[in-house]
Amino acid sequence: MLLTLFISACKVGQNYQRPGVAVPTQYRSAATTDSATVARVPWRDFFSHPDLQQLISTALTGNFDLQLAMKRIEESRAYVRQTRYAFLPAVNGQITASTITPSKNSLNGLSLETFLGSRHLEDYSANIVLSWEADIWGKIRRQNEATRATYLQTEEAAKAVQTNLIANVANGYFNLLLLDAQLAIAKRNLALSDTIVRVIQLQKDGGEVTELAVEQAQAQRQTAALLQTQLEQAIVIEENGLRQLLGDMPGSVPRSTGLDAFPVADTLLSGVPTQLLANRPDVRASELGLVAANARIGVAQANLYPALVITAGGGLNAFRASNWFLLPSSLFYTVAGGLTQPIFQRRQLKTQLEVAMIQEEEAVIQFRQAITNGVRDVSDALVQVDKLKQQEQVAAARVITLKGAIANARLLFTSGLANYLEVITAQSNVLQAELTLAEIRQQRLRAMVSVYRALGGGWQ
């Protein structure tokens, strides 16, 4: 027993150590070593608009993917609870009753008739069997370690689902604001097209322009009318998609503000890349997968070594039912201990060890890949925040310029100093410029969400 206790202090396999990862000291396009990061900001503080907060709250309770992630956590938690009993023996109770009638010409049949005066033999047994395997090489401890790591991995996976869900709900809401803004632009252009058509029709009636000018103006109006119906269709589809994220049936989505009025954060603290190891759920889940893979190597190694199993049993046994519970005559017990050393298992155990080691190497690659992807996501989002702000300034100035151009074109046209094509071209340019400006503003909002999600924000 002392030898067993001494050996049980051993533990096969290596304790987990984080592998070396070449993480940069700062993100590209973010020359800072400040550890403050927006990832630590709770989502309610980051998304302060009440409409968006309500949508996210509904999604966190109703989204089907998140509900499934929660169920997977419950499954893993059940396995973790099971690990508490891994070191205890297995106990089974059994009650059996049997009768055997051998042939008259057999030795057993002749013996029964000679000694017992019976043609059959009865046997009644009630017993309890205990079996316990000593954790000599730490196999059970490594199994428990892998189970706990898997449980924590499911928790991080659920956090990653929540982070992505919040980002998707916010982006869906911003898509609706963009479509609303574009629809308003299309309606304004449709009204402007009606005015231009009437002016050109009057000039055509006065003999100043031909029917071709009227047809060109009407075609421009039809373009704006077509765009309006397309945007109305897109709004309904986007609303249905957003409602599905909420776990709800198709329907409208309340919006109390416009795209221009929604605030955009000009400065987002990104911290340093090494913080992704603690803040980003998918990176943490990847590392926990590596922890589990490392522990499974220890399990595979322990299977190559001897296993000490101690069994004990006891109960009541009799060949007549009337004597079954007659004490102490019917009592029996057994105690046994066995040391089993695998010798030839058709190479299964060695293959299991080799596969476990390969899977651990795969987990290392996946861990490094997760960190690399995280650093790139943040770097991409940061440059979008910076450059889209500059693009919005240029696009806004372009809209002002083109609006002045269309006003001048209309004045010159009514004065006979410009033709109808210049008016139609100016109107088309304004329409495209306004649509582009609205899209850039929406992209700025989405870039803000991308930074928050890439840094690991949203699960707090």
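Visitor: Where does F319 lie, and what makes it count as partly exposed?

Guide: F319 lies in the loop between β3 and β4 (331-340), where strands are DSSP runs of E with at least two residues and helices are runs of H or I with at least four, numbered from the N terminus. Its relative accessibility is 39%, and since buried means under 20%, exposed over 50% and partly exposed in between, with a 1.4 Å probe and protein chains only, F319 counts as partly exposed. This is a predicted model, in which local features need pLDDT of at least 70 and side-chain atom pairs count only at pLDDT 80 or more, while totals for chains, interfaces and linings use all residues. Residues are numbered from 1 along each chain as its sequence is written, and side-chain values use heavy atoms, with hydrogens and water left out.

Visitor: Why is R346 called exposed?

Guide: R346, in the loop between β4 and α10, has a relative accessibility of 64%, so it counts as exposed. R346 also has a positive phi of about 55° although it is not a glycine.

Visitor: What makes R347 partly exposed?

Guide: R347, which lies in the loop between β4 and α10, has a relative accessible area of 43%, so it is partly exposed. Its phi, near 65°, is likewise a positive value in a residue other than glycine.

Visitor: How many aromatic pairs are there, and what makes two rings a pair?

Guide: Rings of Phe, Tyr and Trp (its six-membered ring) pair if their centres lie within 6.5 Å, with planes under 30 degrees apart counted as stacked, over 60 as edge-to-face and the rest as tilted. By this rule the count comes to 9 aromatic pairs.

Visitor: Why is the pair of W137 and Y305 called tilted?

Guide: The ring centres of W137 and Y305 are 5.0 Å apart and their planes stand at 50°, so the pair is tilted. Because W137 lies in the loop between β2 (121-133) and α6 (139-205), and Y305 in the loop between α9 (281-302) and β3 (307-318), the pair ties together parts that are 168 residues apart in sequence. W137 is partly exposed at 24% relative accessible area, and Y305 is partly exposed at 37%.

Visitor: How do you know that K159 lies over the face of W459?

Guide: A charge sits over a ring if NZ of Lys or CZ of Arg is within 6 Å of the ring centre and within 35 degrees of the ring normal. K159 is at 4.4 Å from the ring centre of W459 and lies over its face.
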